[in-house]
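I have a new structure open and want to get my bearings. These are my notes, in the order I looked things up.

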Protein chains: 2
Amino acid sequence: MKSTSITIPDVAKAAGVSKSTVSLALQNSPKLRTETKKKVMKAAKQLGYVYNQGAANLRRRSSSMIGMIINDLTNPFFAELAIALERHFSEAGYVVMMANTSEDREQQDKVLRAFCEHGVAGILISPAVGTQQQDFASYFARGLPIVSVMQPIPGAECDYIAPDYRQGIQEATAHLIDQGITRLAFLGGRLETAAYQERKKGFLKAVEDAGIDADNIQIVPCPVTRKAASEAVQQLIEQEHPPQGIVCYCDIVAFGVNFGLRNSAFKVGVDIAVTGFDDVLACDTVSPPLSSMRPFSDQLARLACDSLIQKLKDPSRPVSNHLVKPKLIVRESSILATLK
Amino acid sequence: MKSTSITIPDVAKAAGVSKSTVSLALQNSPKLRTETKKKVMKAAKQLGYVYNQGAANLRRRSSSMIGMIINDLTNPFFAELAIALERHFSEAGYVVMMANTSEDREQQDKVLRAFCEHGVAGILISPAVGTQQQDFASYFARGLPIVSVMQPIPGAECDYIAPDYRQGIQEATAHLIDQGITRLAFLGGRLETAAYQERKKGFLKAVEDAGIDADNIQIVPCPVTRKAASEAVQQLIEQEHPPQGIVCYCDIVAFGVNFGLRNSAFKVGVDIAVTGFDDVLACDTVSPPLSSMRPFSDQLARLACDSLIQKLKDPSRPVSNHLVKPKLIVRESSILATLK
DNA sequence: AAACGTAATTAGAACGTTACAATAAACTTT
DNA sequence: AAAGTTTATTGTAACGTTCTAATTACGTTT
């Protein structure tokens, strides 16, 4: 790239010391007299020296790069999570390589390989739908630290951080039931994911606890997009006894529901109660404001980041999982005016 | 990291050839017999060899890493753009390091330095508010290829790719005027940015072309957040003669406007016309659907990516700017029922 | 003042790759 | 069959760091 760049020997010459001393000075070693360190740093600044992490990585056989792989960055929740993750890693002195897989396992494979060739110290991943343990087998074998968020890697022995989906959805469902709602639907999500199964369990638990008859509930999965959810909800309300409350898989689904119902007889927050999950930024300023389970994405990010960094420092650290308890944020979408 | 990893000499030994041959084989050099290459590749696969980009970068004095710095990833438009950029770079064989600056120049400085130490081949940046040429002076001097998107770096000689804001806003404004709207506002954006100034010019041009009196227009900047826009629009409609049409700086502002008006006497798409800019995914499925200028973010990303890659291949390439003409997508928010 | 211990500095090999120059092998020419 | 050409392969020196071991410079103790 550069015609000829400034290196440690250059700085050494300018400062009148040896290569080794410069190296020591750059890492602020206590073995050096502060006076010497200052002298070196001054020379470095003067020459416009820039540290070559790549060379250092090679020699040290380690790096401060993290690979972050996200399944769906078009979903604002994942975007918010990615931002928080990047910020935490950055604060901890790491640099992050980022890739969006769009739920494509092949793409996931590809970037995983690319990141490894570039020598990332560890991987933080929100896995694509259908990810198998074997997708990571060779990386685990090689001892690459991996932390998964939002979605576990089935059968894999690696740290996993996520909201407590079951508990969260159960709470959201109970919130609707508490208002006297007896006909309920759980809408959205992809059947084949653990995150879906967990939520479904939470929904069923709340329904069961309330003694609601199975005839009065419906569970309809659908892709996690506004469009799909919008279409799904339209089918839902065409039935004879449409639900009075819809527990959505996540906010994106809830937004889709809101859109799907806008020209119908059912006004969200009036005739029909809706809850989301993720508490994305927009919940506050959408109309009606969306009640949602707040997953504390910043805390999730912190835990994930810390887990990975711990594992980097001590690779033999045992696997640890964290389920963060989400909190119900009640806004207008889930308050049923007609029942008040 | 790894106890002991497989390197080129290991593969060489296994394949019964020299280091050099393995290196050549890995880059699929035509200097080698296909038979030899196959033999080497087989050995490499068998041993689980993984290429060390870092070492190669050091030797070659080049890299295939791109630094991507974005000012506000919480804005879905930038998220969509970042995704598209990452995809294009990935397809071209580059790996991207990502950072969000949250419009913070200090953070921008910090990641810029970090990316350089890591040896990125080039930088793609959507600069933070207030970015100066001098923030990049040392990088330009060192010959680091930089491409800016969405916002120019004032006074800097570097490629710049963005939508044609002036033209776009002019068109959006004309669209409202064509419906017979005579009282107009341009809302949102930060005064100190070039992107704001350009849009303002477009707004004024349309207004002037239509011969609309200056008393009937208002221009009120505000931070690019839903909340700020929501509050700003509430002030706007408290006046004696509130505008009938609001041209918004971008979709986020328009969403805020929509929210701010939800409990007012003015129904968007009925009593008051609103346009956005960016045509983010949600425009389609928000109610009412938001008319917006489509910037063709995928094409922007392509151009930006290509520009940077060209510059990597030929550093002496002259600076080239691209303004992509956006397209008006009319939806319900900008159709005034009361005027029909 | 000699001997020792500690503190500060440095020489030099290594990290995993590439690329130049050099060699070896295989064909053409005469 | 010797010389010349092309085609394949390889030895070796870098790239910019770090780290161990070796060296030098200082105070302290006797």
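What radius of gyration does chain A have, next to a compact globule of 340 residues? I found 26 Å for chain A, while such a globule would be near 20 Å. That radius is taken over C-alpha atoms, and the globule rule is 2.2 Å times the number of residues to the power 0.38.

Before going on, I noted that this is a predicted model, where local features need pLDDT of at least 70, side-chain atom pairs count only at pLDDT 80 or more, and totals for chains, interfaces and linings use all residues. Residues are numbered from 1 along each chain as its sequence is written, with chains lettered from A and ligands numbered from 1 in the order in which they are written.

**Chain A overall.** I got a C-alpha trace spanning about 85 × 40 × 35 Å along its principal axes. I then looked up 12 helices and 12 strands in chain A (DSSP runs numbered from the N terminus: helices are H or I with at least four residues, strands are E with at least two). Of the 340 residues, 49% are buried (20 or more other C-beta atoms within 10 Å of a residue's own, with C-beta atoms placed from the backbone).

**The sheet in chain A.** Here I found an open sheet of 6 strands, in the order E7-E6-E8-E9-E10-E12, with mixed pairing (two strands pair if DSSP finds at least two bridges between them). Its edge strands are E7 (217-220) and E12 (327-329) of chain A, each pairing on one side only. I followed E6 (residues 184-187) of chain A next: E6 runs parallel to E7(A), joined by 4 bridges. Along that pair, A:Leu184 stands opposite A:Ile217.

Which helix touches E6, E8, E9, E10 and E12 of chain A? I found H8 (residues 165-178) packed there, its direction at about 165 degrees to that of E9(A) (contact is C-beta atoms, placed from the backbone, within 7 Å; axes are lines fitted to C-alpha atoms, for helices over the stretch in contact, and angles run from 0 to 180 degrees between N-to-C directions). H10 (residues 226-237) of chain A also packs on the sheet, touching E6, E7 and E8 of chain A.

**The sheet in chain B.** I read off the order E7-E6-E8-E9-E10-E12 for 6 strands of chain B, an open sheet with mixed pairing. Strands E7 (217-220) and E12 (327-329) of chain B each have a single partner strand, so one side of each lacks a neighbour in the sheet. E10 (residues 291-294) of chain B pairs antiparallel with E12(B) over 3 bridges, and B:Arg294 has B:Lys327 as its bridge partner.

Terms used. Buried ≥ 20, exposed ≤ 12 C-beta atoms within 10 Å, placed from the backbone. Contact = placed C-beta atoms within 7 Å.
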